[in-house]
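Here is a short briefing for a reader who is new to this structure. Look at the sequence and the model, then work through the points by topic.

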Amino acid sequence: MLEKITYLVTNYNNSKYVAECLSSIVNQSNNNWECLVVDDCSTDNSVQIISDYVSNKLKLIENSHNYGQIESIQKLFNLVKTDIVGIIDSDDAIHPDTTKYVLNAFRVSPRIGLVYTNCIDYEENLKTPISIGQAEKIPFGPSSSIIFGRVPSMRAFRLSCYNKTEGYDVKLKYAEDLDLVYKLEEVCLPYYVNKCLYKYRYVPNSRSRKQTTELEMIENHRRAKFKALRRRRVNFGMKYLYYAIIYLEYYSKKSKCLNH
């Protein structure tokens, strides 16, 4: 029996975009998917829109209060019936063949616990491309994606592998996904699908575009990298070389953000 993937979608006041997200899931060329959508106490008409997509394959959970994205995802983990899950932001969308390629990737080897793909960045209309994401194959070595790899969406992973890690670190706000990638590649084999299967929507006035948010993100990315290096067996000399590389990247990004 072929495995399925469960897509996890967290929504908060994204009524303007969530229909496109759910439509992209419902219209997958491969039908081996399920979807759990959690609405995090939206004050717009999100629930009404999401309700139109509810079926035996797509279920809606309404939070009793605002948990936040990561806490909502963790809540969904307890409801998932499949081992493989994929995280999709409610203002983004996926390619019609995403399910097919992601599930095929997991079948390559039982050691594979993390599958990621390339993506395309779009303007707010999700029709006009801005750029192709610069995803990279994670190289073999103790530093792996901390230094050399880039793992954007689409990301899918096995919960059986996730449960071997410390899980999401809610203290690393805006860097939780990056931190989880580092943890997963420490317990399983990552696999890169070199296809643009995720559609990222660039929303100019979103909270993530604010300077204070960007600075917090840059700081927590640095912290996530340092935490990963401390967990890994890296010899003394190389570890401090990696620290230096991370600090150079950190100060470069911080300077660009402050001068933007």
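## Briefing

Tyrosine 7 has cysteine 35 of β2 as its bridge partner. The model is a predicted one: local features need pLDDT of at least 70, side-chain atom pairs count only at pLDDT 80 or more, and totals for chains, interfaces and linings use all residues. Residues are numbered from 1 along each chain as its sequence is written, and side-chain values use heavy atoms, with hydrogens and water left out.

Helices (H or I, at least four residues) and strands (E, at least two) are DSSP runs, numbered from the N terminus. Buried means under 20% relative accessible area, exposed means over 50%, and partly exposed lies in between (1.4 Å probe, protein chains only).

- Strand β1 spans residues 5–11, and seven of its seven residues are buried.
- Ile5, Tyr7, Val9 and Asn11 point one way from β1. Thr6, Leu8 and Thr10 point the other way. Both sets are buried.
- Two strands pair if DSSP finds at least two bridges between them.
- β1 and strand β2 (residues 33–39) run parallel, joined by seven bridges.
- β1 also runs parallel to strand β4 (residues 84–89), with six bridges between them. Isoleucine 5 has isoleucine 84 of β4 as its bridge partner.

**Helix α4**

- Helix α4 covers residues 98–106, and its buried residues are Thr98, Thr99, Val102, Leu103, Ala105 and Phe106.
- These residues lie on the same side of α4, because they cover an arc of only 155 degrees around the axis. The arc is that of the directions from the helix axis to the C-beta atoms.
- An α-helix has 3.6 residues a turn, so residues three or four places apart point the same way.

**Salt bridges**

- The structure holds 13 salt bridges. A salt bridge is a side-chain nitrogen of Lys or Arg within 4 Å of a carboxyl oxygen of Asp or Glu.
- Arginine 158 pairs with glutamate 3 in a salt bridge, and their closest N and O atoms are 2.7 Å apart. Arginine 158 lies in strand β8 (residues 155–158) and glutamate 3 in the segment before β1, so the pair ties together parts that are 155 residues apart in sequence.
- Arginine 158 counts as buried because its relative accessibility is 11%. Glutamate 3 counts as partly exposed, at 35%.
- Arginine 231 forms a salt bridge with glutamate 186, with the closest N and O atoms 2.8 Å apart. Arginine 231 is in helix α7 (residues 211–231) and glutamate 186 is in the loop between α6 (176–185) and β9 (189–201), so the pair ties together parts that are 45 residues apart in sequence.
- Arginine 231 is partly exposed, with a relative accessible area of 32%. Glutamate 186 is partly exposed at 32% relative accessibility.
- A network of salt bridges links Glu185, Glu186, Arg231 and Arg232.
- Lysine 225 and glutamate 249 meet through their side chains in a salt bridge (3.8 Å, N to O).
- Lysine 225 is buried, with a relative accessible area of 8%. Glutamate 249 is partly exposed, at 33%.

- Met238, Leu241 and Ile245 make a nonpolar surface patch of about 230 Å².
- Isoleucine 245 lies in helix α8 (residues 236–258). At 36% relative accessibility, isoleucine 245 counts as partly exposed.

**Positive phi in loops**

- Cysteine 41 is not a glycine, yet its phi is positive, near 60 degrees. Cysteine 41 sits in the loop between β2 and α2 (46–51).
- Leucine 126 also has a positive phi of about 60 degrees without being a glycine. Leucine 126 lies in the loop between β6 (112–122) and β7 (129–132).
- Cysteine 41 is partly exposed at 27% relative accessible area, whereas leucine 126 is buried at 8%.

How values were computed:
Patches are made of residues with over 30% relative accessible area and no salt bridge: like charges are joined within 9 Å, nonpolar side chains (Val, Leu, Ile, Met, Phe, Trp, Tyr) within 5 Å. Accessible areas come from the Shrake-Rupley method with a 1.4 Å probe; for residues, only the protein chains shown count as cover.
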